[in-house]
Amino acid sequence: MTPQAASALDKLRAAALALPEADEKLSHGMPAFFIQKGKMFAYFWHRHHGDDVTAAIVKTSGTEEQAMLIEMEPDLYYRPPYFGPSGWVGIHLDRADIDWDRVADRVAISWELVAPRRLLEAGGR
């Protein structure tokens, strides 16, 4: 893994694991972030199947939100293989001008979409 990709993973990991009851485990050889009974809310994508992309894959409310994000900023967001048909969106982490607060916010939104009600009612993030 390149130093840039390792740094991106460290920052993604910090954002994801700061959320209540978040945990990390490998999924298909890449770090994935889960909550309660294996509900994934974020995935680190790095050169998966040799595609030369480093990204965070996060859940959206559905394909309409996914399409809106990609249309608004096609250089930042993209429809990732495997996850895209379910409405997940990729966030390029291989750019020099990454807004990490924005990435952390999208990770938190993804967490909220899978978090159990008791965590949301307790104040969530």
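Modeller: Start with pairing: two strands pair if DSSP finds at least two bridges between them. Keep in mind that this is a predicted model.

Biologist: How do you know that β1 pairs with β2?

Modeller: Count the bridges. Six of them join β1 to β2, residues 30-35. The definition asks for at least two, so β1 and β2 count as paired. The two strands run antiparallel.

Biologist: What makes β1 and β2 a hairpin?

Modeller: Two residues lie between these strands. In the turn, H28 has a positive phi of about 55°.

Biologist: What joins β2 to β3?

Modeller: Four bridges, and again at least two are needed. These strands also run antiparallel. F33 has A42 in β3 as its bridge partner. β2 and β3 form a hairpin too, with three residues between them. Its turn holds Q36, with a positive phi of about 30°.

Biologist: Why is β2 called largely enclosed?

Modeller: Buried means under 20% relative accessible area. Six of the six residues of β2 are buried, so the rest of the structure largely encloses this strand.

Biologist: Which residues of β2 cover each side?

Modeller: In a regular strand, side chains alternate between the two faces of the sheet. On one side of β2 sit M30, A32 and F34. On the other sit P31, F33 and I35. Both faces are covered.

Biologist: What is the strand order of the open sheet, and which strands are its edges?

Modeller: The six strands follow the order β1-β2-β3-β4-β6-β5, with antiparallel pairing. The edges are β1 (22-27) and β5 (77-78), as each pairs on one side only. Helix α1, residues 3-17, lies across β1, β2, β3 and β4. Its angle to β3 is about 170°.

Biologist: How do you know that the span of α3 agrees with its length?

Modeller: Helix α3 has 15 residues, 100-114. At 1.5 Å a residue it should span 21 Å, and its end C-alpha atoms are 21 Å apart, so the two agree. At its start, a side-chain oxygen of D99 comes within 3.2 Å of the backbone nitrogen of D101. Buried residues of α3 include V103, V107 and W111.

How values were computed. Residues numbered from 1 in each chain as written. Predicted model: local features only at pLDDT ≥ 70, side-chain atom pairs only at ≥ 80, totals over all residues. Heavy atoms only, no water. Expected span 1.5 Å × (residues − 1). Buried < 20%, exposed > 50% of the residue type's maximum accessible area, 1.4 Å probe, protein only. Polar contact = N/O pair within 3.5 Å; in protein donor to acceptor, adjacent residues only side chain to side chain. Contact = heavy atoms within 4.5 Å. Axes fitted to C-alpha atoms, helices over the stretch in contact; angles between N-to-C directions.
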